[in-house]
Amino acid sequence: RYKDRISRVESIDDYLRRNHKVLQIPSFEFKGHTFEPTRLVLQTLRSIIKFHSSYVCGSQVSITGDKEFVSLLNTIYKRGGYGKTDLEIAKDLITYGDTFEYVYLDENGNIRSKIIRNKDSYPLYDSFGNYTHFVEYWKDEDTRADHYVVYYPDKVEIYENSKLIDTKVNLTGLPIWYSAMEKSKYDKFGDPFPLDLIGIMDTIEALLSKLDTAVTTLSLSPLGVVSGLRIDSAIPTNIVGAVMNLEEGATARANAQMDRESIKLELDYVIQQFYAIACVPASIMGQSNVANVSETSITMLYQQTDNFARQYIAAMNEGFEKRLAYIRKLMEYNGQTVTDEVYDSISFSFNVARPVDNAADMENMQIQYNCGAISRQTIIDRSPYTTDTALEIKRIEDESKA
């Protein structure tokens, strides 16, 4: 099962590195010369992954709860570079269906996270389906040495060519395993989203490549077809507007006919299905024009994208809760006590990158505030202009005193 999963990961990596099926189109002989057909490689899938990753975690995740603890967590997140880490988690989760994060203390005492490459990751679980160990494995391309890092709940062992070279104390636990809700045939692992799109993208690339080759060979340099006596004379392949002298009774025509409407119908339908499965508004990728769009229209336009994002947000939220537990362990290791009441008050809010009418949202919250149906802190939590509620409230209080 691990071999099959790693093979899927490597095939996705190869595809994203522009190793597409369309590159296998063979050359052929045309007018006495070897003709290199068009092999059009489109990196649309990479843009789709970037779009969804940024949609979910392009803006920093907001932390709400106890003011002092939130302020402390925001400091930890800033020092640990968790804005970039969260974006990496979203990207790997969407690309491969799984992400693995190890939380640790660096040499300066800062809490950080390491995102382990999918192709190096081997989570282990027992016969009851419990996640018990984790192995990180890679082979050095230069020395060809095998490297293993074995994670236990209480320690980390480092091996080189099956020889134990170091053992470290594990202060947190096993790497956090984020898994997409859509599962592969091995139900412990997420199903990679790009696999739904690669086949369609291969068809689009093949159609466009063949169409461009046809334009070159049939329209710009058509193949002449002669009926009657054969003409035993060579015609330069690069000539344009040639005049042929034929014997009486012979006819000639250019075989340059293409059924444009049939090609357009198939291509349009395939592209339409691609964006439907990708859950990306076609206008984002330049496939249609949007002007004077109302808030309701934007909501409808992004409905599929929101549904797609919710599944990954649910998986990431579960992992963030585990990360919070690990951070609490490290804080207590450093002598900082976190009570259950303070710990349980924390929640995470994802600021998705859907275009919204912020003015209308703020007006609605102002109406609720005037009616006593919402607090000032909730307004600050929901505001797209603030990420640290505790710091913002402190600033407001300082301004009031001044």
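I began with the term strand pairing, which I take to mean that DSSP finds at least two bridges between two strands, and with the elements themselves, since helices (H or I, at least four residues) and strands (E, at least two) are DSSP runs numbered from the N terminus. I keep in mind that this is a predicted model, in which local features need pLDDT of at least 70 and side-chain atom pairs count only at pLDDT 80 or more, while totals for chains, interfaces and linings use all residues. Residues are numbered from 1 along each chain as its sequence is written, and side-chain values use heavy atoms, with hydrogens and water left out.

**Entry one, the sheet of five strands**

I looked up K155 and found that K155 stands opposite V169 in β10. Strand β9, residues 155-160, and β10 run antiparallel and are joined by six bridges. Both belong to an open sheet of five strands, ordered β6-β7-β8-β9-β10 with antiparallel pairing. Because β6 (121-125) and β10 (163-169) stand at the edges with a single partner strand each, one side of each is left without a neighbour in the sheet. From one strand to the next the twist averages 20°, where axes are lines fitted to C-alpha atoms, for helices over the stretch in contact, and angles run from 0 to 180 degrees between N-to-C directions.

**Entry two, H147**

I then asked where H147 is found. H147 is in strand β8, which covers residues 146-151. H147 counts as buried at 15% relative accessibility, given that buried means under 20% relative accessible area, exposed over 50% and partly exposed in between, with a 1.4 Å probe and protein chains only. Leaving aside residues up to four places away in sequence, H147 touches E136, Y137, W138, D140, Y159 and E160, a contact being heavy atoms within 4.5 Å. I also noted that the C-alpha atoms of H147 and K163 are separated by 9.3 Å, with the two residues 16 apart along the chain.

**Entry three, the sheet of three strands**

I turned next to an open sheet of three strands, which has the order β5-β4-β11 and antiparallel pairing. The edge strands here are β5 (111-116) and β11 (176-179), each of which pairs on one side only. On average, neighbouring strands of this sheet are turned by 25° against each other, with direction ignored. Strand β4, residues 98-105, pairs with β5 in the antiparallel sense over six bridges, and the bridge partner of V103 in β5 is S113. Helix α4, residues 82-96, lies across β4, β5 and β11 and runs at about 155° to β4.

**Entry four, helix α8**

The 31 residues of α8 should span 45 Å, and the end C-alpha atoms are 44 Å apart, which agrees. Just after α8, G335 takes a positive phi of about 90°.

How many salt bridges does the structure hold? I found 16 salt bridges, each being a side-chain nitrogen of Lys or Arg within 4 Å of a carboxyl oxygen of Asp or Glu. In one of them the side chains of D86 and R323 meet at 2.8 Å, N to O. Since D86 lies in helix α4 and R323 in helix α8, the pair ties together parts that are 237 residues apart in sequence. D86 is buried, with a relative accessible area of 3%, and R323 counts as buried at 0% relative accessibility. I noted too that D86, E101 and R323 are linked in a network of salt bridges.

Another salt bridge joins the side chains of D146 and K139 at 2.8 Å, N to O. D146 counts as buried at 19% relative accessibility, whereas K139 is partly exposed, with a relative accessible area of 31%.

I looked as well at D398 and K394, whose side chains meet in a salt bridge of 3.2 Å, N to O. Both lie in helix α12, residues 389-401, four residues apart, about one turn of the helix. D398 counts as partly exposed at 36% relative accessibility.

Lastly I searched for disulfides, defined as pairs of cysteine sulfur atoms within 2.5 Å, and the structure holds zero of them. I looked up C57, which counts as buried at 4% relative accessibility, and C371, which counts as exposed at 62%.

Notes
Expected span 1.5 Å × (residues − 1).
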